[in-house]
Amino acid sequence: MNIKPIFNKKQGQPIIIAGPCSAESEEQILKTAEGLSKGNIDLFRAGIWKPRTRPGSFEGVGRIGLKWLQKVKEETGMKVTTEVANREHVFEALKHNIDVLWLGARTTVNPFSVQEIADALEGTNVPVMIKNPINPDLKLWLGAIERIYKAGIENIAVIHRGFSHHGDSGFRNIPRWQIPIELKRQFPNLEVICDNSHICGRRDILSDVAQKAMDLDFDGLMTESHPDPDNAWSDAAQQITPATFLKLVDNLVLRKTTSDNTAFIESLVHLRSEIDEIDSELINTLGRRMQIADKIGMYKKENNIAILQTDRWNEILDNQIAKGKNVGLSENFMSIILRAIHQESINHQAEIMNKAQLEDLQGK
Ligand code: PEP
Ligand code: MN
């Protein structure tokens, strides 16, 4: 594949895509666009047809929203993009001169849908951005790129929006940076854009993730922005005002990629980001372990059983030290870490028992 860039920005200038999760009204669209047009925005985004996890929630305003996007172009000169999920959407979007189309994560996952869109694109040359599939499957992502490319679309970019996962990771969609990094490695010309909004699912970590994407030499950002984020009709928790977004962009530290030691620096950054991700998984796992210890503490209290049971503790030590050895962790390290975890569990349980005891004494 000889994929061509859509944006072609200079080194050190990230591609900036922003706009609301969903178009809600003409007023909301124009207000967001007006706020964003004060910065250097490459593309204004808004979802017109919204793929929702469960029925009954707001599913997008439909075609009327395309007219509002046309108005954004007329009034601000910004180019516009929307998500397409079937043939009909492609025809409607092209009829309304939408500059760039994007495929959402729930579409990339389904080769039937991607092929339907590819067929509808045949004979056009509209640039297309392809989000990663919801599951961490690089082949599926690549397959979608290939289908769109085979339809004759050369200007293709990808959007990394993180991956579904089980349990609490602190992210709405876990980044698994290695997957887009691998895509970048295989296709050095492919522009990779980080959708920090859908990775984070919350405002407080948006700028950290945006910075990490810049540190990893991603080509740009796609961020959801709404004039009244708390009252947005979809994805309220992750949206920020245009002014906050422009500040976030201003505060980004753009790293130089030119250095005698580029390869070394890049691999260091990649490895460190993997370590950060694993560390946060470890901490979340430890937090979950302590919650279970708390529950055990309650049961022990109810049944009047001592906190420490030596047999059980010896069993944990033996089993886990053996498992640690299998993955290259020394006995010394394993015993330090297991003792620390165990001590923390005891502290949690003791606190629960003492608190219950105190409440008994106080007659609560
Ligand atoms: C969106 O961009 O609003 C959206 C629905 O994203 P995703 O396809 O990444 O879930
Ligand atoms: Mn959204």
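**Strand pairing, helix packing and a manganese site**

Ile159 stands opposite Ile193 in strand E7, with strands and helices taken as DSSP runs (E, at least two residues, for strands; H or I, at least four, for helices) and numbered from the N terminus. The structure is a predicted model, in which local features need pLDDT of at least 70 and side-chain atom pairs count only at pLDDT 80 or more, while totals for chains, interfaces and linings use all residues. Residues are numbered from 1 along each chain as its sequence is written, chains are lettered from A and ligands numbered from 1 in the order in which they are written, and side-chain values use heavy atoms, leaving out hydrogens and water.

Strand E6 (residues 156–160) pairs with E7 in the parallel sense over 4 bridges; two strands count as paired if DSSP finds at least two bridges between them. Together with helix H7 (residues 178–186), E6 and E7 make a right-handed β-α-β unit, right-handed meaning that, with the strands pointing away from the viewer, the path from the first strand over the helix to the second runs clockwise. E7 also pairs with E8, again in the parallel sense, over 2 bridges, and here Cys194 has Leu221 of E8 as its bridge partner. In a regular strand the side chains alternate between the two faces of the sheet. Both faces of E7 (residues 191–194) are covered, with Glu191 and Ile193 buried on one side and Val192 and Cys194 on the other. Buried means under 20% relative accessible area, exposed over 50% and partly exposed in between (1.4 Å probe, protein chains only).

We turn next to helix H5. In H5 (residues 111–121), the buried residues are Ser113, Val114, Ile117, Ala118, Ala120 and Leu121. Seen down the helix axis, they fall within an arc of 160°, so they line one face of H5; the arc is that of the directions from the axis to the C-beta atoms. Their cover includes helices H3 (87–95), H4 (105–108) and H6 (138–150), as well as strands E4 (100–103) and E5 (128–131). After H5 comes Gly123, with a positive phi near 85°.

Finally, the manganese ion (ligand 2) is coordinated at 2.0 to 2.4 Å by Cys21 (SG), His198 (NE2), Glu224 (OE) and Asp235 (OD). Donors are N, O and S atoms within 2.8 Å of the metal (3.2 Å for Na, K and Ca), and sites may look incomplete because water is not among the atoms. The donor residues follow the spacing C-x176-H-x25-E-x10-D. Cys21 lies in the loop between strand E1 (15–19) and helix H1 (26–36), and Asp235 in the loop between strand E8 (220–224) and helix H10 (242–250), so the pair ties together parts 214 residues apart in sequence. Cys21 is buried, at a relative accessible area of 2%, and Asp235 is buried too, at 18%.

Methods:
Contact = heavy atoms within 4.5 Å.
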